Amino acid sequence: MKTKTSDWIPFYTLFKREFLRFFKVPNNTIFPQLITVLFYFLIFGIAIGSRIKEVSGVSYFLFILPGLFVQLLINGSYSNPSGSLYVARNFGNITDILLAPISYIQFTLAYIFAGMLRGFFLGLGTIIIAMLFINVSIHHFWILIIYCLLISFVFACFGILVGLWAETWEQLNIFINFVVTPLTFLGGVFYTLDMVSGTIATITQFNPIFYMINGVRYGMIGVQDGNIYLGLIFLVIIASILFMITYKLIQKGYHLRT
Amino acid sequence: MNSIEIQGLVKKFTIKKKKEEVFAVNNISFNIKKGEIFGFLGPNGAGKTTTINCITQLSNKTSGKILVNGHDVEKQYREARNQIGLSPQDLTFDPYFTILEILVYQGGYFGMLKKQAQKRAEKLLKQFELWEKRKSRIKQLSGGMKRKLSIIKAMMHKPEILILDEPTAALDVDSRYELWEFIKKLNEQGITIILTTHYIEEAEKLADRIAIINKGKIIKLEEKEKIIEDLSQNKITIYLKEDKKLPKEFNQLNYDYKDKKIIIQTPKKDQNKNLRLALKILEEQKIEIENFSVDQDNLENIFRRLIKNENQN
Ligand SMILES: Nc1ncnc2c1ncn2[C@@H]1O[C@H](COP(=O)(O)OP(=O)(O)OP(=O)(O)O)[C@@H](O)[C@H]1O
Ligand SMILES: [Mg+2]
């Protein structure tokens, strides 16, 4: 009988494949996102920002940085698993993974971790671009890291779920275009709660992404607009629930095995 | 010792829109012995690929039990998958990577270190004359090259069981012969091989045992020689010197008579008896013969008769 192979090489291989795939198509996965961010900085940070006095004690440029950072963190961690799974299901090369001796938990984590890494990569890119214009120093490192880990984890799970569910390219993008992007803009990327009123204020207050941006903003520049720890607890709960669902679906082979 | 044990396997597909149920595999049980070449034959849509998918877990079976080298394919899926290399009927490759990268990843998925995988890939690519293409993309390979690559991929982790779902489809004549030699050589090294094919000749050349599946049911499973021995309908042709009416004694034979030519269909085991009988009758009636010949039946004809019979019942 065949001898047992290392448990972790298959996992590591899949993780590496998932992460490296996105460097193979940078015109899809890296440059457009970073160029968009550059324009936000140029237009909102520099051109318009110079006419706005400080917001919550910091320059407007610095104020919008965490929100844009979160946007790319989400975009990266969501797009990596969703796009990859969707393509692999449609090309059929997902069978490579299904035939391999990879445990279902490793399967799930490899996709999540690779997504998180892509999110971090794009997030870091955002900060580096910002540093071309302003000084960025981190206010509360650990809060920032924990928030980033949880946010990217949550959206990597979403990415897997949509990547498994979607039957068309359109469906793949529904979630990001109709849920994530609007909620990010209504999550206080460009404003604080007291700058808005009425419907926008209400949506913002019940918007989970608002609390994510809020936490990251606190970690990055020390400015907060809501409770940091409440946000953390909420994120941990969401992350746990999403992980369980994702894992169960992969174990069942939902839209993977016929 | 069995490599694969299948008990009461059922695979039902439900087509939601039409509320239709298809029993692609309908309660089959059989074992595949360690070290044999197992030919799995059947017409299109018979359930061959579905059975293979249940073994490799590309499909979730509806019910039944499958053991691979003693490991349950669901409860001990990692151990079970480690034993098997599959070259599937529908070829699929990772679109983002080169041939060599694909193989190194494949090795990695099965726990091989990068160095190990590279060495193994080099050896196999050279053996299949694809080494020159190692930096190519999948799109740049011909159909037959893709087929070979798929077999190399299945072989990367040195599986104990190799499943080849129509491996010679799209191969040119030389490549086909080479693949047959390769399969035989692997088998001599103790690797169990499961082979589906529509070239019955291929199964006749390679397989130790043959299973014939039709509409989700196994209708025959036997040693190849025994199937041929038992089910062969050989053809005896006797040429007469002159056109004469045949005596009624001939009616005990299954024959056809036209243009001085008698064609007798006979089960292989009764072939000699029937030939002697025919010659004896002719001699008694003083009917002179010019010549005679016996044509051996082949697996292809047997296969076709079996399926035809089965579909009439
Ligand atoms: N995913 C699926 N959904 C619905 N029906 C399916 C699915 N896969 C296979 N079938 C049906 O199951 C039956 C068996 O198909 P299968 O692919 O196992 O046949 P096969 O013996 O491999 O045929 P071939 O020689 O053409 O490859 C067919 O009736 C097919 O239509
Ligand atoms: Mg088939």
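Predicted model: local features only at pLDDT ≥ 70, side-chain atom pairs only at ≥ 80, totals over all residues.

Colleague: In which loop is the place of K286(B)?

Modeller: Helices (H or I, at least four residues) and strands (E, at least two) are DSSP runs, numbered from the N terminus. K286(B) has a positive phi near 60 degrees, although it is not a glycine. Its place is in the loop between α9 (271-284) and β14 (289-295) of chain B.

Colleague: Is K286(B) buried or exposed?

Modeller: Buried means under 20% relative accessible area, exposed over 50%, and partly exposed in between (1.4 Å probe, protein chains only). The relative accessible area of K286(B) is 67%, so this residue is exposed.

Colleague: What is the phi of A170(B)?

Modeller: A170(B) has its place in the loop between β7 (161-165) and α6 (173-188) of chain B. This residue is exposed, with a relative accessible area of 60%. Its phi is positive in a residue other than glycine, near 75 degrees.

Colleague: In the hairpin of β9(B) and β10(B), which residue takes a positive phi?

Modeller: Two strands pair if DSSP finds at least two bridges between them. Strands β9 (residues 209-214) and β10 (residues 217-223) of chain B run antiparallel and are joined by six bridges; N214(B) has K217(B) as its bridge partner. Two residues lie between the strands, and the positive phi, near 50 degrees, belongs to K215(B).

Colleague: Which residues are the protein donors of the magnesium ion (ligand 2)?

Modeller: Donors are N, O and S atoms within 2.8 Å of the metal (3.2 Å for Na, K and Ca); water is not among the atoms, so sites may look incomplete. Here the donor atoms OG1 and OE1 lie 1.9 to 2.1 Å from the ion, and they belong to T49(B) and Q89(B).

Colleague: How many residues apart in sequence are the parts that this pair ties together?

Modeller: T49(B) lies in helix α1 (residues 48-56) of chain B, whereas Q89(B) lies in the loop between β6 (84-87) and α3 (99-109) of chain B. The pair therefore ties together parts whose separation in sequence is 40 residues.

Terms used
Residues numbered from 1 in each chain as written. Chains lettered and ligands numbered in written order. Heavy atoms only, no water.
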